[in-house]
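Student: Could we go through the strands of this structure together?
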Amino acid sequence: LVASLADVDESIEEYFLNEEEPSNAEIRGAVRRATLSRKILPVLAGAALKARGVEPLLDCIADLLPSPLDRMPPPLMLLEGTDQSPKSDEKQKRNEEIIRKITLGHPLHPSLLAFAFKVVHMKGRGGSGDGRVVFARVYSGQLKDRDKVKVISPPVVGESPEKPRIERIGGMLELAGGRFDNLEGGTCNSGDVCALVGLKSVVTGDTIMLESESNKKGKNKGKKQSADKNVCLAGVASSKPVLTVRLEAESTEQQSRLTEALRLLSIEDPSLLVEEKDSATLLSGLGELHIECTLDRLHREFGLQVTTGAPSVAYRETITDTLETDGLLEFDRTIGTLRMQGSVHLVLEPITSAIKDSACMILSDPIVTVGDKARAFLGVHETKPEEEIMLRDELFKALVLGCQGALKRGPLSSYPMANIRCHVVNVDADDGLSTLEAMPGSLRAAAAHAVTSTLADKKSFCSVLEPTMSVEITLPGDLVGPVLSDLTGRRGTVGDVLIGDGGGQSMHAKSLIRGDVPLVEILGYASNLRSLTGGEGAFTAEYKGHSPCNGNEL
């Protein structure tokens with residue numbers, strides 16, 4: 001042990017070279033330092049069934065693993081536009097000074113910072129009308145029953161931050177093995193987790209701060225505390241839906257109940273996307289099992305029987321090479337007595353985000369950037385990001401929205417574009433900037449026309465992306481061959497085949513198959529796998545990314 005620690009810790013190395021024996025406290029300290037720096041990984045032996053080695057494991061967790069005090073505070077975003085300041089330059093300098101000094105979120109910081117990491121609805125528990133219960137983690141400060149808090153939602157890119165909502169905590173519950181008892185003392189300290197009731201507008205990913213913290217600006221004028229500003233945590237990142245089904249209720253009364261039930265479920269699960277249309281309701285999720293669990297909850301918890309249509313897969317389109325307009329591309333239309341004219345020069349570039357050793361790529365929304373020439377013509381001489389300038393300049397906003405709107409329909413099958421950067425090089429108009437300022441819609445139409453024309457003229461450089469799932473199949477060893485043949489017929493790519501003890505000829509040995517299969521090919525695969533394996537096979541599927549596919553495979 002000492003020889004191994006000497007390779008990663010200088011103090012133990014000195015004992016080792018001097019052939020001296022370090023004390024137990026020094027060895028424990030060296031193991032902790034090396035563990036925190038991720039140089040070593042302690043391994044302990046035990047058997048939980050016979051209660052062997054459990055106590056040493058718990059001791060090592062307390063002695064060797066990092067405590068909250070060893071971690072940096074969580075990264076915070078300082079929201080602009082939620083309070084008024086006399087000058088933007090002074091505001092920016094003050095914000096930068098606050099960010100440098102920010103320590104909010106450290107367990108020893110006195111100001112409250114809590115994070116709503118989950119929202120559920122429990123009848124008879126939540127104090128609000130829909131029974132909402134918020135699971136929150138307290139990073140710093142103290143949260144008490146009946147406290148008045150402000151709720152801050154993470155800002156959406158390109159939109160102004162929402163104003164904080166002021167609410168009062170109606171009650172606090174303790175999480176204890178599935179039981180929800182009233183929290184003793186009604187206080188939750190830093191590092192603890194509790195359930196809050198009575199909060200009507202909190203959703204998953206919101207930040208909770210004490211409302212009283214923002215009213216202390218008159219005190220301690222010489223000290224600038226980050227709690228006096230509206231800051232928020234990064235929120236919860238959820239994957240984009242890859243499967244959509246059509247839902248129809250049996251009656252108008254049930255349709256209204258369905259709408260309300262889906263609203264509650266989408267609050268609990270941000271990865272669910274609900275879109276209401278005139279004829280039906282569209283429900284999108286992360287896969288077939290995700291949709292099935294949601295439909296089961298609709299039946300079990302809300303008593304709703306719904307009719308579902310055939311599932312549709314979320315395809316995307318992208319480009320494989322850089323595309324550019326031939327200089328300034330003019331748009332000139334006359335509608336009635338109004339003339340809409342403008343010229344845009346832009347470049348479309350693919351964004352590579354491929355997964356290592358795989359044809360899949362991680363999806364990203366289209367990005368629109370504006371070059372120096374275009375900014376100079378529009379009278380924008382700032383180097384700030386496009387999202388910030390859009391909030392103040394209507395003409396700049398029209399240019400960006402025109403590009404973004406055109407990228408929502410691809411040239412091949414009208415699927416939304418993804419993994420693409422649209423860079424606007426230059427902008428022009430026959431009658432100068434004043435005409436565009438009088439009618440920003442002209443610039444928006446010109447930008448959209450430039451994007452659609454460029455994509456339509458160069459369809460050969462476009463491709464369709466389909467969602468691909470990473471699958472693991474467990475099955476008897478003697479049935480590996482038929483299942484592999486079936487996967488190949490579904491355009492699957494086999495990664496690993498692990499044969500259990502006894503070889504592939506033993507019917508009792510379990511085997512494991514790992515691979516990647518397009519989502520559209522494994523819809524309803526559970527019943528097919530049961531037929532192939534006589535009910536002994538099982539599989540799990542997880543979204544991996546989107547991969548290129550041929551048009552004949554759609």
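Predicted model: local features only at pLDDT ≥ 70, side-chain atom pairs only at ≥ 80, totals over all residues.

Student: In what order do the eight strands of the open sheet come?
Tutor: The order is S6-S5-S11-S2-S3-S10-S7-S8, with antiparallel pairing. Strands are DSSP runs (E, at least two residues; helices are H or I, at least four), numbered from the N terminus, and two strands pair if DSSP finds at least two bridges between them.

Student: Which strands stand at the edges?
Tutor: Strand S6 (165–168) and strand S8 (179–182) do; each has a single partner strand, so one side of each is left without a neighbour in the sheet. From one strand to the next, the twist averages 40°. Such angles run from 0 to 180 degrees between N-to-C directions, with axes fitted to C-alpha atoms, for helices over the stretch in contact.

Student: And what packs on the sheet?
Tutor: Helix H6 (residues 252–268) touches strand S2 (113–121) and strand S3 (132–140), where contact means heavy atoms within 4.5 Å. The direction of H6 makes about 145° with that of S2.

Student: Changing topic, how does S23 pair with S21?
Tutor: S21 (residues 338–350) and S23 (residues 420–428) are antiparallel, over eight bridges. Leu346 stands opposite Val424 there.

Student: What about S22 and S23?
Tutor: S22 (residues 367–370) runs parallel to S23, joined by four bridges. Val370 has Val424 as its bridge partner.

Definitions and conventions
Residues numbered from 1 in each chain as written. Heavy atoms only, no water.
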